[in-house]
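Please look over the notes below with the structure open beside them. They are numbered so that each can be answered separately.

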Amino acid sequence: MTEYKQDDGDGHSITYLDTDGYTTCTFGKPTEIAKRIREMTNFKCRPDDVFICAPVKSGTHWTWEIISMMFKGKAETIERSKIENMLEGSSWDLLESLPSPRVLNTHVYYSRLPEKAKELGCKMIYVLRNPKDLAVSLYNHTKGITLYNYDGKWDHFLPLFLQGRTEYNSWFEYVLEWEREMSTSPELPIHLVYYEDLKENSLLEVSRLGRFLGVDDKDGLFEAISRKCQFDNMAKDKQEYLYPCGDEETFSFYRKGDVGDWKNWFTVAQNEHFDKVYSKMMKTSKHKFRYERMKQMDNKL
Ligand code: A3P
């Protein structure tokens, strides 16, 4: 386990934690984080645990809030941060003390998830987002959170992302690993949510989620949750429960919440390069992102 500085090739570096080749944020507690990363496959699960699994910056806070409200049975702001329910970011004693059903979350690769979660058939919500928007979001996250100590430029951050040298290693490997698992074990209770779909048709996606989780849509609960969790509402309502890790003047976990913000950041050349890397890395994948796929949603509600 080492805390190290990832050089961006332009005189700036990001402070990360390396645990046996796996990169994460230090969360200010490197030894504890490394221990959790190493021991995560042995994490003690309960059959009714729900796991939100997503590459970092895919919309984890949003889905966590929606699902937590569903289990609460009320469209009321959850008075804590999702980071407190995060496998690598939170104390496991604290997680043990939470009442069931627990809404847990993590950004680690599928192969690093608790074995028991797979054995017990815990429900998993897999969240994906256009990787171009995700890269922009991750850049702002890395610049904004003081622990990273990073002041580099977008032009120098993007290559690191494409090379899998930012936190949680490679986005491509993450997605490919999940795809392999989902095709070899189709019986696993995994529900895929796309950030873009949740944004465009929030009620439909919230309803699909609720149906998957077996939650009753009593008295318009899903509609109320979908409204309460719109970006502007969450940005305001969650303000007092934010995990303290950045300069509040310049950083928020609720930055913009847009689809397509990447167009404001990528140059034409960067976009072409990204597409090339994407095609090469994902050549074995059948996965089609929203901007390249036909909508494959079941509308039977
Ligand atoms: P941006 O940086 O593009 O704004 P995660 O929760 O996995 O860290 O993902 C963070 C991203 O989700 C950020 O994206 C954040 O603004 C966005 N987000 C958070 N809550 C949201 C909501 N209610 N609606 C839409 N986007 C949201």
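This is a predicted model: local features need pLDDT of at least 70, side-chain atom pairs count only at pLDDT 80 or more; totals for chains, interfaces and linings use all residues.

1. Residues are numbered from 1 along each chain as its sequence is written, and side-chain values use heavy atoms, with hydrogens and water left out.

2. The axes of helix 6 (residues 154-162) and helix 12 (residues 268-281) come within 11 Å and cross at roughly 5°. Helices here are DSSP runs of H or I with at least four residues, strands are E runs of at least two, and both are numbered from the N terminus. Axes are lines fitted to C-alpha atoms, for helices over the stretch in contact, with angles from 0 to 180 degrees between N-to-C directions. Helix 6 and helix 12 are therefore roughly parallel (an angle under 35 degrees).

3. Helix 6 contributes Trp154, Asp155, Leu158, Phe161 and Leu162 to this contact, and helix 12 contributes Gln270, His273, Phe274 and Val277 (contact: heavy atoms within 4.5 Å).

4. Buried residues of helix 6 are Trp154, Phe157, Leu158, Leu160, Phe161 and Leu162 (buried: under 20% relative accessible area, 1.4 Å probe, protein chains only). Their packing partners are strand 1 (2-7), strand 2 (13-19), helix 5 (131-144), helix 7 (171-184) and helix 12. After helix 6 comes glycine 164, with a positive phi near 70°.

5. Most residues other than glycine have a negative phi, and most peptide bonds are trans. Phenylalanine 27, in the loop between strand 3 (22-24) and helix 1 (30-39), has a positive phi of about 55°. Phenylalanine 27 is buried, at 12% relative accessible area. Asparagine 169, in the loop between helix 6 and helix 7, also has a positive phi of about 55°, and is buried at 17%.

6. The peptide bond from serine 100 to proline 101 is cis, with omega near -5°. Proline 101 sits in the loop between helix 3 (92-97) and strand 5 (103-106).

7. Which residues are closest to the ligand? They are Thr60, His61, Ser137, Tyr195 and Gly257, among 18 that surround it (a heavy atom within 4 Å). A polar side-chain atom of histidine 61 lies 2.6 Å from a ligand oxygen atom, and one of tyrosine 195 lies 2.7 Å from a ligand nitrogen atom. For glycine 257, a backbone N or O atom lies 2.7 Å from a ligand oxygen atom.

Methods:
Angles under 35 degrees count as roughly parallel, over 145 as roughly antiparallel, 65 to 115 as roughly perpendicular and the rest as oblique. Buried means under 20% relative accessible area, exposed over 50%, partly exposed in between (1.4 Å probe, protein chains only). A polar contact is a pair of N or O atoms within 3.5 Å; within protein, one must be able to donate a hydrogen and the other to accept it, and residues adjacent in sequence count only if both atoms are side-chain atoms.
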